[in-house]
Amino acid sequence: MPFTIIDGDDVGNKVESHLLSNNVSGFTESSKMITDFIDALADALSSVSTAKVVSVGGDSILVEIDQSAIGELVEVLNSLQRPGVFTFSAGVGPTLRESFIALRMAKSTGKQKVVLYPDE
């Protein structure tokens with residue numbers, strides 16, 4: 001069964017800027033916003049037939065999904081992007097390794113997108 005790895009874009013930079021400026025309230029607000037968005041994203045994935053959230057941690061989600069529902073998953077993910085607030089990249093592949101390669105392709109080619117392995 002294929003996997004999807006979803007990962008927040010530039011999350012480390014957003015959080016680190018608060019640490020470097022010694023901004024405790026900014027750090028906690030950013031952390032909460034990221035957590036809330038990831039939790040909402042994981043909940044939204046339950047609307048996709050056959051999608052099973054395997055793991056949620058930090059700014060990442062791992063999903064297992066049937067091949068027949070990948071198109072539906074991509075549509076849902078694309079509709080949940082929030083430019084200027086929180087964006088994410090995702091990689092979809094037949095194995096965990098290949099979904100990670102697809103995620104790296106999404107990140108290295110501009111972020112805020114879903115890439116299928118092999119990139120078509």
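Tutor: Two strands are said to pair if DSSP finds at least two bridges between them. The model discussed here is predicted.

Student: In β3, which residue is the bridge partner of G57?

Tutor: Strand β2 spans 52–57, and β3 covers residues 60–64. The two strands run antiparallel and are joined by five bridges. In β3, G57 has as its bridge partner S60.

Student: Which residue of β3 is the bridge partner of K52?

Tutor: K52 belongs to β2, an edge strand made of 52–57. Its partner lies in β3, which runs antiparallel to β2. That bridge partner is E64.

Student: Which residue in the turn of the β2 and β3 hairpin has a positive phi?

Tutor: The hairpin formed by β2 and β3 has two residues between the strands. The turn residue with a positive phi, of about 60°, is G58.

Student: Which residue stands opposite S60 in β3?

Tutor: β3 is also joined to β1, by five bridges, and these two strands run antiparallel. Strand β1 is formed by 3–8. Opposite S60 of β3 stands D7.

Student: What is the order of the strands in the open sheet?

Tutor: The sheet has five strands and mixed pairing. Its edge strands, β2 and β5 (114–116), each pair on one side only. Neighbouring strands are turned by 15° against each other on average, direction ignored. The order is β2-β3-β1-β4-β5.

Student: What angle does the direction of helix α4 make with that of β4?

Tutor: Helix α4, residues 96–108, packs on the sheet. It touches β1, β3, β4 (88–93) and β5. With the direction of β4, the helix direction makes about 145°.

Definitions and conventions: Residues numbered from 1 in each chain as written. Predicted model: local features only at pLDDT ≥ 70, side-chain atom pairs only at ≥ 80, totals over all residues. Heavy atoms only, no water. Helix = DSSP H or I, 4+ residues; strand = E, 2+ residues; numbered from the N terminus. Axes fitted to C-alpha atoms, helices over the stretch in contact; angles between N-to-C directions. Contact = heavy atoms within 4.5 Å.
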